[in-house]
Amino acid sequence: MYVCLCHNVTDARIHQLVRTEGVSTMRELREHLGVGTQCGKCAKCAKDVLREAVSEARCEGACSGMLATA
Ligand code: FES
């Protein structure tokens with residue numbers, strides 16, 4: 001789904017950025033994708049998607065660590 005129409009940013013793009021670049025804050029998201037820098041209507045949704053993506057990335061990291069030690 002589109003999160004930021006002004007900059008054509010999708011939730012999938014945010015998830016990818018979190019996984020590949022380690023983005024974890026709105027400031028970093030703004031710097032990478034411009035999210036929230038034009039009309040600003042996407043800010044709340046972007047924050048929610050970012051929080052979800054960071055949580056998933058941490059879970060994946062923890063799970064892979066558990067597999068490595070098993
Ligand atoms: S929808 Fe994101 S800045 Fe306008």
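Predicted model: local features only at pLDDT ≥ 70, side-chain atom pairs only at ≥ 80, totals over all residues.
View 1. Residue numbers start from 1 along each chain as its sequence is written. The C-alpha trace spans about 50 × 20 × 15 Å along its principal axes. Of the 70 residues, 23% count as buried; here buried means 20 or more other C-beta atoms within 10 Å of the residue's own, exposed means 12 or fewer, and partly exposed is in between, with C-beta atoms placed from the backbone. Two residues are in contact if their C-beta atoms, again placed from the backbone, lie within 7 Å. Take the contacts with a separation of 6 or more: 49% of them join residues 24 or more positions apart.

**View 2. Here is the largest nonpolar core, with 15 residues.** A nonpolar core is a set of buried Ala, Val, Leu, Ile, Met, Phe, Trp, Tyr and Cys residues joined through C-beta atoms within 7 Å. Val3, Ile14, Leu29, Val35 and Ala46 have the most contacts inside this one. Zoom in on valine 3: leaving aside neighbours within four places in sequence, its contacts are Val9, Thr10, Asp11, Ile14, Val35, Cys42, Cys45, Ala46 and Val49.

**View 3. H1 has a buried side and an exposed one.** Ile14, Leu17 and Val18 are the buried residues of H1. Looking down the helix axis, these buried residues fall within an arc of 100 degrees, so they line one face of H1; the arc is that of the directions from the helix axis to the C-beta atoms. An α-helix has 3.6 residues a turn, so residues three or four places apart point the same way. Ala12 and Thr20 sit exposed on the other side of H1. Just after H1 comes glycine 22, with a positive phi of about 70 degrees.

**View 4. This is where H1 meets H2.** The two axes come within 12 Å and cross at roughly 105 degrees, the axes being lines fitted to C-alpha atoms, for helices over the stretch in contact, with angles from 0 to 180 degrees between N-to-C directions. H1 and H2 are therefore roughly perpendicular, a label that covers 65 to 115 degrees, with under 35 roughly parallel, over 145 roughly antiparallel and the rest oblique. Arg13, Ile14, Leu17 and Glu21 from H1 face Leu29, His32 and Leu33 from H2.

**View 5. Leucine 33 belongs to helix H2 (residues 26–33).** Leucine 33 is buried because 20 other C-beta atoms lie within 10 Å. Beyond residues up to four places away in sequence, leucine 33 touches His7, Val9, Arg13 and Leu17. Cysteine 4 is 29 residues from leucine 33 in sequence, yet their C-alpha atoms are 9.4 Å apart.

**View 6. Asparagine 8 lies in the loop between E1 and strand E2 (9–10).** Its phi is near 50 degrees, a positive value in a residue other than glycine. Asparagine 8 counts as exposed because it has 11 C-beta neighbours inside 10 Å.

Conventions: Helix = DSSP H or I, 4+ residues; strand = E, 2+ residues; numbered from the N terminus.
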